[in-house]
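I opened this notebook to record what I looked up in the structure below. The entries follow the order in which I made them.

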Amino acid sequence: MHPILPLLCLHLPFVSFPWFVAAFLPQPETVSEMLSAPIIERLGSAAALVDTSTPAWGAVIGHLEFNGGFRGMEIVDVNCLLVSMDSQSRVQNTFKLQEMMEKAKLEPDTLTYDLLMMAHAQLKRPEEVEVLFRDLKRSKGLVPEMCPDLSVVLADAILSTEGVPPTVFTYAHLLKAYSLKADVEGAGRAFTEMREAGVQPNIVVYTTLIQTCLNRREVPTAWQIFNLMKLKSRATAPDAHTFTLMLHACALEGESERALNLFRDMTNRMKLKPTKETYHALIHALAVRKDYYQEVWRYATEMQQEGFKMDRKVLGTLIHACGKRGDLTRARMLIRHMLGSGKEDIIPDSATYQCLFRAYGNARVRKKRAGFVEGEPPETSVPYVGPDTRLVKREDGFKEDTIPFSQKAILDTPSEVVGEAKRVMEWLWAMKPHLVDTQLVNALLDAYCDKGRYNKFKKLYYTAFADPKESDYLGLTDLGLTASNTEAEALTPEPSVDAPAATVMDTDAGADMDTEPDKNTDRNLPDQLTFRERVPRNLHTFQTALNYAYKARNLSFALEVYHHRMDYLRTKQYYSQYREPERRRLDIQAECSLINTLARCEMLGEAAVLLEATCQKYKIYEPDIATLHIKALQLDDLQTLDVIKRCVGTARYHTYAVGAKFNPRWRCEDEAGDLSRTW
DNA sequence: ATAGGGTTAG
């Protein structure tokens, strides 16, 4: 044993474990050790407050304030305190700390601002980060009594150029804020300012810029920055973080092949070691395509061989892959494992269940009398790589905490699939209501739509969702877009609405396409279901419903949903939950869905009117209104064809009939031309 | 002394 080690641990105040462990752990052992002596002294007996696993920083700072605050201390003492605080406490106490610094006539330095900005950025509060940054730049480097001779104007001039100098960290925090807001322009300005201030951008800065572009769905720009990093210098060469982010970009665009190349580039050429996140991003990029299913499992296996544990998110992504492929059997197996593992950290959450419901929707299932769809064998060649390979013992009898999966290992009729999906939702609603959110219900809606469960679909749509509350709406002055609505209003026959069913998920009343009753359903769970919290609708709810209406040629339902949607456009949620490019994309999709539904119902005139109105606002492409075009051709409706020609140009039908691209609509040509940015 | 990455809409 090295003789110096025992000496070291004499300085550790609370050594509750053997010294040799302590000596090898990264010091410091306790929070109070990280604090500076003046702070500890001023805290007195309250110093004990900080040595818990989750210190009550509010109380600690209260004590401090009561005992004289920061008076007589240095700014490093404040920084020390900030460093030991978690982000949330920093955010909660920002104002108080600023107050206390002011009282003690302490000037925050760059690090003080950095630590505060970082905390606000981590908690996704970009506005506060910007405020802090502005504050930092005009921070009073000179207090009035230090320069009594200067006129106010001169002082202002000095103050505006003094302040504390931002570092590359400061700018990185600021850029993170712009990334959160998907504000590419703001990020560009900050980046330029940084360079003018002579601060060299580093990997983190570039990576944050890439993230900003991705949040804004400006994927080509993201790739440009990435390529620039590679070319610029060794110092800015992409690292594992950056590669992981670009793998995520591949997932966004369905570019699985590119993801594989990127991964090879990273590991072979750049000799970078993939992390767990890298594997996850790669698997994600493979999971979005059903033709890369084998690769998903290959890399899931490799990831495990590299010693990375499957966590909830990776398992969720694997279930996502199963859903994409239609491999419901394996999706259920994974869910069973996650539930049966007994490990808290991998029990399914809302997102995991959402993936499961998508798997119900896409399940490959025996057609009416034929064999498997496309005659493919069931997915037997895929190795199973769950968290551990032990099969969970089947539990008989219905425990309240047991997911009501069918006894059958493989569900092979649509009714079995839909029946189980419904039961699982009922079970979640009854037993784990906190997991039932909008996305989850939307996923079930999708499943019903895909399986042609039209009655179930409408019933769920009517009973599971709540209308917006008064307080959800924006003020009248906030909304400017009523012009395009008037036409739609004009052609609206009052929709005939089925009366909402009594319970959230009622039994199958008659005319549904279901033929087999759900044998396993413990029919009606108690009546509490009736008054259970509903979830709010969101844009995807409407999109799914409009798709359903299109499939079912149900125009009155489509119009009703369209009106619900127009209501939603007046809510705050519309603006807070979706960033601009996503809103735009879904708006276009919704308009086109209605246009095509009108066309399917032979109301070409109305469809054409709506198309003209929509074209005023958005660029519409021919594939978006394919149904209308085909109908118009079939009926030889010259007037409508003329409208189409004016609105979407002259491309011929066959040019889009062929191209089944993976992810048709990401083009955002308004901004695509701007390649002249300085990075 | 600080920072950037990951599950979700057929």
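**Helix 18 and its surroundings**

I began with the buried residues of helix 18, which pack against helix 16 (256-269), helix 17 (276-287) and helix 19 (312-325). I took helices as DSSP runs of H or I with at least four residues and strands as runs of E with at least two, numbered from the N terminus. Contact requires C-beta atoms, placed from the backbone, within 7 Å. I counted a residue as buried if 20 or more other C-beta atoms lie within 10 Å of its own, exposed if 12 or fewer, and partly exposed in between.

I noted that this is a predicted model, in which local features need pLDDT of at least 70 and side-chain atom pairs count only at pLDDT 80 or more, while totals for chains, interfaces and linings use all residues. Residues are numbered from 1 along each chain as its sequence is written, and chains are lettered from A and ligands numbered from 1 in the order in which they are written.

Which residues of helix 18 are buried? I found Tyr293, Glu295, Val296, Trp297, Tyr299, Ala300 and Met303. After the helix comes Gly307, with a positive phi near 90°.

**Chain A**

I recorded 34 helices and 2 strands in chain A. Of its 679 residues, 37% are buried.

Definitions and conventions: Contact = placed C-beta atoms within 7 Å.
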